[in-house]
Amino acid sequence: MFYITQKNWDKILGYAEEAYETEKSEIGGMSVMVEDKDGDWTLEQPVILKQEITAGNTVLEKEALSRYYSKVGKKMDNKNFRFCWWHSHHTMSAFWSGTDITAINEYSDGDFSFALVVNLKGEYKFRVSVWNPVEAHQDVELEIIDTKHRCTKKMKEEVKSLCTKPTYSGGYSWRKEGDVWKGSYGYKSSDQLLKDAAEDPRQERLPFRSTAGQTTSSGRKIPHIDDFAANSTPRGFTDIVSEVDKLNAGLIDGSIKYKDYEESIEELNDELIVEDSMYKVNLIREDQVNDLLHILPAQLVVYDTSDDLENMYGYGGYYK
């Protein structure tokens, strides 16, 4: 891995900004890449030397560069380091020009070297060049570390004490217009969804559906109410959403296959029928799996107003 501290990154960009603001030119300099005990490299000590600068080039003075090499070599003592040449492209994009490649090739007498080009937007290219035993070049990521945050400790405490975040869930809501029930998706807090469900008049009017002898569309027998404990409590909306969320996560990360997911949703719906639940879970098609990245699990838990078991999965836009 390759790193640079926020302080040194800002220093390089500061040089680039000053050269452009005052001379409308590029600027270049040197730095060192130092290896730590873990084998990672960090860019340190960026400096500028005496040089000629233009809008499209920068040339470091040879005598100044020679003195720099000698001074840094003595200073670094026994540390494992390599030199890193850096320069700016001001308003242009960060790329390696023909002139840049020529400058990089001047380090070909070593084993490997580093080079960095930046622009005023903070875009960059960071190249590692291996010269021996086989020549190879690769642009890699240069990670900025020790970043400074604008938010002070006091500001963090204020945000924590003064701000709260509501929990939102999506659901399929129903409204009655005359003698017809109509549904639509909406987003409400989980507390409001539970409150709405508790106040829904159909909680008391929905008849118990006998499941004796019934089977699912796949031919599996639906468990009968007698198969469950007499004191079992029907699952609430949030409990169902939690189960769907776990299944969705497994399908997305690949830990369960679609067929297993389909069977799990069907089993869940079978159990909800036995519990005389007012809810059911919509089953997405296999070609809609990626849609789970953009929808909430609560959007798949809807009111069940169908008396036809074969139409169990036909609402809400996500269906088989």
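E18 is located in helix α1, which covers residues 6-23; helices here are DSSP runs of H or I with at least four residues, strands are runs of E with at least two, and both are numbered from the N terminus. The structure is a predicted model, in which local features need pLDDT of at least 70 and side-chain atom pairs count only at pLDDT 80 or more, while totals for chains, interfaces and linings use all residues. Residues are numbered from 1 along each chain as its sequence is written, and side-chain values use heavy atoms, with hydrogens and water left out.

E18 counts as partly exposed because its relative accessibility is 45%. In this report, buried means under 20% relative accessible area, exposed means over 50%, and partly exposed lies in between, with a 1.4 Å probe and protein chains only. Together with D10, E17, E21 and E23, E18 forms a negative surface patch. Such a patch is made of residues with over 30% relative accessible area and no salt bridge, where like charges are joined within 9 Å and nonpolar side chains (Val, Leu, Ile, Met, Phe, Trp, Tyr) within 5 Å. Lys and Arg count as positive and Asp and Glu as negative, while His and the chain ends are not counted. The place of a charge is taken as NZ of Lys, CZ of Arg, CG of Asp or CD of Glu.

E26 belongs to the loop between α1 and β2, the latter spanning 28-35. E26 is buried but has no salt bridge, and the nearest side chain of opposite charge, K24, is 14 Å away. A salt bridge requires a side-chain nitrogen of Lys or Arg within 4 Å of a carboxyl oxygen of Asp or Glu.

What is E26 in contact with, leaving aside its neighbours within four places in sequence? Its partners include A19, I53, T54, N57, H87, H89 and M92, where contact means heavy atoms within 4.5 Å.

## The protein as a whole

The secondary structure comprises 8 helices and 14 strands. The protein has 320 residues, of which 39% count as buried. Among contacts between residues at least 6 apart in sequence, 62% join residues at least 24 apart.

## Salt bridges around R235

The count of salt bridges comes to 8. One of them joins R235 and E271, with the closest N and O atoms 2.9 Å apart. This pair links distant parts of the chain, 36 residues apart: R235 is in the loop between α6 (202-205) and α7 (237-253), and E271 is in helix α8 (residues 258-274). R235 counts as buried because its relative accessibility is 18%, whereas E271 is partly exposed, with a relative accessible area of 26%.

R235 also meets E275 in a salt bridge, at 2.7 Å from N to O. Since E275 lies in the loop between α8 and β13 and R235 in the loop between α6 and α7, the pair ties together parts that are 40 residues apart in sequence. E275 is buried, with a relative accessible area of 18%.

A further salt bridge is formed by the side chains of D287 and R285, at 3.1 Å from N to O. D287 counts as exposed at 61% relative accessibility, and R285 counts as partly exposed at 31%. Salt bridges that share partners join R235, E243, E271 and E275 into one network.

## Backbone features and a loop position

The peptide bond from N132 to P133 is cis, with omega near 5°. P133 is in the loop between β8 (124-130) and β9 (136-140).

Q45 has a positive phi, near 55°, although the residue is other than glycine. Q45 is placed in strand β3 (residues 41-48) and is partly exposed, with a relative accessible area of 27%. D276, also a residue other than glycine, has a positive phi near 60°. D276 lies in the loop between α8 and β13 and is partly exposed, with a relative accessible area of 25%.

N290 is found in the loop between β13 (279-281) and β14 (301-303). N290 counts as exposed because its relative accessibility is 58%. The C-alpha atoms of N290 and I252 are separated by 7.5 Å, and the two residues are 38 residues apart along the chain.

How values were computed:
Accessible areas come from the Shrake-Rupley method with a 1.4 Å probe; for residues, only the protein chains shown count as cover.
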